[in-house]
Each structure stands twice: as structure tokens, then as C-alpha cells.
Amino acid sequence: MVLDDSFYMQRALELAARGSGSTSPNPLVGAVIVKNGEIIGEGWHERAGEPHAEINAIRNSKEPVEGATIYVNLEPCSHFGRTPPCAAKLVERKFKRVVVAMEDPNPLVAGRGIMLLRDCGIQADVGINRLEALKLNDIFIKYITRRTPFVLLKAAMTLDGKTATKTGDSKWISGEQSREYVHRMRNRYSSILVGVNTVIKDNPELTARLPGVKTINPVRVVVDSKGRIPADAKVLEIDEYRRTIIAATGEITEEKASYLKDKGAEIIITGEKDGKADIKQLVEELGKRGIDSLMVEGGGTMAAAFLEGGLVDKVAVFIAPVIIGGRSAPTPVMGTGADFIRDGYRLKYQSITTFGQDVLVEGYLKVPWKE
């Protein structure tokens with residue numbers, strides 16, 4: 001019987017996505033077990049530290065898995081971490097065939113799981129729906145190989161490229177469906193960053209709020225070079241579920257730094273670049289603290305700083321079908337801008353999704369995997 005490998009792998013990818021927001025720093029992994037042309041077991045990695053997708057699929061199987069084929073979007077692990085190696089378990093349970101979308105970029109695995117399976121006489125096929133698998137685990141790939149956060153630049157703009165009116169009014173450019181999806185994005189990313197001007201103007205909570213879903217809030221990062229953040233800022237409402245980092249320079253006063261620490265905020269002091277906090281140094285420091293991903297939601301000046309610094313991996317822009325005009329109305333990216341069209345930032349592997357009347361354009365500026 002010839003199996004439709006792409007069909008079953010797509011199902012594994014769908015299952016893997018269910019772990020979004022709860023597996024970090026682990027990857028998103030799903031598994032589907034097929035025997036005699038029928039799915040007999042499914043599972044996904046639900047939380048970091050808990051059983052992996054392959055183990056959950058085996059446990060959920062409605063009949064013995066011996067002689068079956070298992071589809072998994074990431075190479076089964078071959079090392080002991082917080083859980084035993086999955087490749088050895090597949091050998092123990094006598095699977096006939098293992099179909100893998102992509103090799104694990106983790107240096108502790110990196111092909112060893114596939115080699116173990118083949119050495120034990122199990123057919124292991126690699127590369128089915130590879131691009132989809134790479135995109136699903138872009139955060140994991142970047143962090144496990146470089147130890148710096150995967151950076152997403154998110155913005156919402158009108159059809160004529162404005163993020164607010166000339167008076168500064170910006171609520172709401174995007175529709176309700178788009179805003180709900182942004183909260184799902186926040187739930188996936190480990191941290192979210194804005195500049196202090198955004199905090200002063202909008203006083204956002206910067207949390208992930210999904211109806212009926214218990215979410216893990218991203219670490220809130222505020223770039224505040226001189227310590228201007230207001231005392232009543234919502235991002236200073238800190239507890240075990242809401243963590244905040246203030247990125248400042250040596251210009252912040254000891255009194256303000258002490259006050260912020262008393263409120264529960266963490267302070268990162270960076271060097272100065274153009275009179276402001278060095279965001280490249282900040283991103284590196286976040287990586288050292290185990291933060292694997294960063295969603296940049298600041299204004300046009302912050303967006304330009306990240307783009308010009310070569311720090312952006314992926315872009316997500318919501319476009320609303322409204323025109324507001326105004327020469328002085330702000331745009332998603334300020335800064336000096338490109339001199340020529342050829343110098344612009346061009347996206348790779350772009351996709352277009354609709355949310356109500358809005359359109360979301362996503363794409364990579366830098367892909368974390370080998371093409």
C-alpha cells in the first residue's frame with residue numbers, strides 16, 4: 001500500500017502547531033502513526049519538559065504500533081534531555097518506517113536520530129513538506145543554532161501606508177480579527193518590545209489575551225534610554241505572570257533605576273548608539289537570558305533602528321482598507337530610508353492571509369535555515 005506522505009505530514013504539522021506558546025525553548029513537533037492505511041495514533045509536544053510528540057502518539061494509539069509508519073515534522077531526538085530519546089523508543093516499539101520533514105538543527109541531534117533508526121533497520125525518509133516544517137520552527141532553528149532571539153517586526157498600516165493620523169490617532173487601524181491574531185502571535189513569542197514613547201503615548205499592557213485560553217505572557221521589553229517611563233505605566237504592573245525588562249543606558253539615574261527594580265522590573269544597561277540604547281547589544285543580552293524570540297511592536301523609529309541594524313528576521317504587516325492621507329502622518333518605518341529601490345528590504349517566502357477586511361503580508365528578511 002502506497003501512503004500519501006505529504007497528507008500525513010501535513011497532519012503532523014497541524015498537530016505540532018497546537019503546542020504554540022507552551023513548548024519554548026523546545027520546538028513544535030507533531031506525530032501521526034499510520035498502519036494499514038489508517039491513522040491509529042496522534043500526538044504533539046504539549047509543554048516543555050513533558051513527553052515528546054512521538055511518545056504521546058504511541059500512548060494515544062488504538063492498536064499496537066509494531067510494523068507501523070510514523071510521520072513526524074522534526075527528526076526524533078537521540079539524546080537524553082528532560083525526557084528520554086524518542087529515536088530509541090521508536091526502535092524499541094518496532095516501527096517499520098519513520099518519515100521526517102526536516103533534520104533537527106540542534107547540534108546534540110543533527111542527523112544522529114535518523115542514523116540510529118537506519119542502523120537498526122528502520123526505513124527513515126527525510127524531506128517531506130520540508131519548507132512548511134522549517135517555517136513552523138523558525139524560532140527554534142534560529143535560537144538553537146545562534147543563541148540569539150528570532151526577531152519579528154510587526155506593524156499595522158492603512159492602504160496608503162500610515163500608522164496613525166496627523167493628530168496621532170491610531171485606534172483602531174486594523175480590525176478585530178487582526179487584533180485577535182496579534183494576541184496569538186504574542187502568545188508564541190517569548191518577548192515583545194516597544195520604545196518608551198509608545199508606553200508614554202498609548203500605555204499598553206503588552207500581554208497576550210485570548211478568550212477562553214490560558215496564555216503565557218511574553219516578557220515585556222521597553223527601550224527607555226534615560227528612564228522616562230511613567231510611574232503609572234501598565235507594563236510596570238508586574239507579578240509572576242507579567243515580567244518586564246527596561247533597557248536603558250548609563251544616563252538613567254540611580255534613583256529611577258532603584259524605583260523600577262522595586263517595582264519588580266529588570267534593568268539591562270547597554271552602551272549608547274546615536275544617543276540611545278544599543279539594541280544589538282540588547283538583543284544579544286536577551287538571548288543570554290534564554291529568551292528565544294522577540295516581537296518588535298514599536299513605532300516607525302524603532303522599526304527603522306531594527307531594520308538598519310540588520311536585526312530583523314521576519315516581517316508581518318497588517319494592511320487595512322482605509323486611506324487617511326496627511327504628509328505628516330507617521331509610517332511603519334521612519335529612519336533615513338533607502339536611496340534606491342534596489343536597496344529596499346525584500347521579503348522571501350512571503351505569504352498573504354486575510355482577517356476580515358484586513359490583509360496580512362508576512363515574509364522573511366533572513367531565513368534561519370540553510371536553503
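Colleague: Which residues are linked in a network of salt bridges?

Modeller: Side chains of opposite charge can pair when their charged atoms come close. Here a salt bridge is a side-chain nitrogen of Lys or Arg within 4 Å of a carboxyl oxygen of Asp or Glu, and Asp138, Arg188, Lys314 and Glu362 are linked in a network of such contacts. This is a predicted model, in which local features need pLDDT of at least 70 and side-chain atom pairs count only at pLDDT 80 or more, while totals for chains, interfaces and linings use all residues. Residues are numbered from 1 along each chain as its sequence is written, and side-chain values use heavy atoms, with hydrogens and water left out.

Colleague: How many salt bridges does the structure hold?

Modeller: The structure holds 22 salt bridges. In one of them, lysine 62 pairs with glutamate 38, with the closest N and O atoms 2.7 Å apart. This pair links distant parts of the chain, 24 residues apart, since lysine 62 lies in the loop between helix 2 (53-59) and strand 3 (69-72) and glutamate 38 in strand 2 (residues 38-44); helices (H or I, at least four residues) and strands (E, at least two) are DSSP runs, numbered from the N terminus.

Colleague: Is aspartate 313, which forms a salt bridge with lysine 142, buried or exposed?

Modeller: Buried means under 20% relative accessible area, exposed over 50%, and partly exposed in between (1.4 Å probe, protein chains only). Aspartate 313 is buried, as is lysine 142, and their closest N and O atoms are 2.8 Å apart. By contrast, lysine 62 is exposed at 56%, and glutamate 38 is partly exposed at 36%.
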